[in-house]
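Reader: I am new to this structure and would like to learn how to read it. Please show me the general idea each time, and then the case at hand.

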Amino acid sequence: MVNTYALKKTLRSLATPYFILNLIASLLHPISRFTPRLCTLAGDDCTLDFYELEIYFFVICVVAIKNRRCVSVEAYLSTFFTFAKGGSAILFYKMNIQLAIWFILLCIVLTVTVRTPSFEESSEMKYFVDDTLPEQLKNDKDTIWVVEFYTTFSPHCNAVKPIFGALSREYTHDYMKFGKCDVLKSHGVPESYDISSSCLKTELPAIIVFEDGKPAARIKQTNNGKQYLMSYVNLKRDLLLQEFYEKAVQKSKTIHSEKKKKKMKLLSPADSRYGNLRSNKELIRQSTGFLPLFN
């Protein structure tokens, strides 16, 4: 059964200038080759030769291999745009060097002016740098923290960004919060939680759930040489987010109840005397039928 909400959300994210313009730029070469007036301007016939077909198939194979564990349509298209524009630049150079220069300039302009769409996340998302994460966990043990360790240049981290944002919007609570830790700005912190920031091990992104200031559940991109598919369903299941959310709700009720009891115990003596006085007046009224004259 198709999830209509997820489908509408995906289509809405694709209907942005970033995806529309980059799709046009990626398909500009085949469009020019199959449009009679455009291909004749390049001084060539409107047919594909063997070299062009070879480049097309190479791009398709590379995109298929790179996206074999892709977790979202947006990430799949972003990878496709990168390699398709690279292949188009080579093919335009084969047709005409001036066309290649103009195409490269167009790609540069798109990169500078059209930003990658930002994905919504919880308004309470906290970003940790330096030693702020250990300090936060030490000073706020009542809160369950779900923290993603990431780098800005990692394609895997960028692919998980919308998924982690969706989870944060769904499960953020007063006693369950989400955060992100940039490993390049927090030297030594990832290693203290058994996470390698080396690009050779490809463990990032890594997500850890902290309970009482200690790791209670964790997921890495690569663990013991095996890659993990960081989809919405997998993260929600394997990080036990629903169970931790229920614990946060129960903890909120318990703490609220304890605060209420303490508030009742801290009533001033004057309030207690006033309460006893009202009780005595009520007993006299019930026994005699008259209200006493004393205050």
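Author: Start with accessibility: buried means under 20% relative accessible area, exposed over 50%, and partly exposed in between, with a 1.4 Å probe and protein chains only. Asp130 counts as exposed because its relative accessibility is 51%. This is a predicted model, in which local features need pLDDT of at least 70, side-chain atom pairs count only at pLDDT 80 or more, and totals for chains, interfaces and linings use all residues. Residues are numbered from 1 along each chain as its sequence is written, and side-chain values use heavy atoms, with hydrogens and water left out.

Reader: What share of the residues of the protein count as buried?

Author: Of its 295 residues, 35% count as buried. The secondary structure comprises 13 helices and seven strands; these are DSSP runs numbered from the N terminus, helices being H or I with at least four residues and strands E with at least two.

Reader: How do I read the packing of two helices?

Author: Two packed helices are described by the angle between their axes and the distance between the axes. Axes are lines fitted to C-alpha atoms, for helices over the stretch in contact, and the angles run from 0 to 180 degrees between N-to-C directions. Here the axes of helix 5 (residues 50-66) and helix 6 (residues 73-95) come within 9 Å and cross at roughly 160°. That makes helix 5 roughly antiparallel to helix 6; angles over 145 degrees count as roughly antiparallel, under 35 as roughly parallel, 65 to 115 as roughly perpendicular and the rest as oblique.

Reader: Which residues make the contact of helix 5 and helix 6?

Author: Contact means heavy atoms within 4.5 Å. Among the residues involved are Tyr51, Ile55 and Val59 of helix 5 and Phe80, Phe83 and Gly87 of helix 6. The residues of this contact divide into 13 nonpolar, two polar and three charged. Ala, Val, Leu, Ile, Met, Phe, Trp, Tyr, Cys and Pro count as nonpolar, Asp, Glu, Lys and Arg as charged, and the others, Gly among them, as polar.

Reader: How do helix 6 and helix 7 cross?

Author: The axes of helix 6 and helix 7 (residues 97-113) come within 6 Å, at a crossing angle of roughly 155°. Helix 6 is therefore roughly antiparallel to helix 7. Residues of helix 6 including Ala89 and Phe92 meet residues of helix 7 including Phe103 and Ile104. This contact has 10 nonpolar residues, one polar and one charged.

Reader: Which residues of helix 8 are buried?

Author: An α-helix has 3.6 residues a turn, so residues three or four places apart point the same way. In helix 8 (residues 132-139), Leu133, Gln136 and Leu137 are buried. Seen down the axis, they fall within an arc of 95°, so they line one face of helix 8; the arc is that of the directions from the helix axis to the C-beta atoms. Lys138 and Asn139 are exposed on the face turned away from the buried side.

Reader: What should I look for in the backbone?

Author: Most residues other than glycine have a negative phi, and most peptide bonds are trans. Asp130, in the loop between strand 1 and helix 8, has a positive phi near 55°. Asp212 has a positive phi of about 55° and is found in the loop between strand 4 and strand 5 (214-220). The peptide bond from Leu204 to Pro205 is cis, with omega near 0°, and Pro205 lies in the loop between helix 10 and strand 4.
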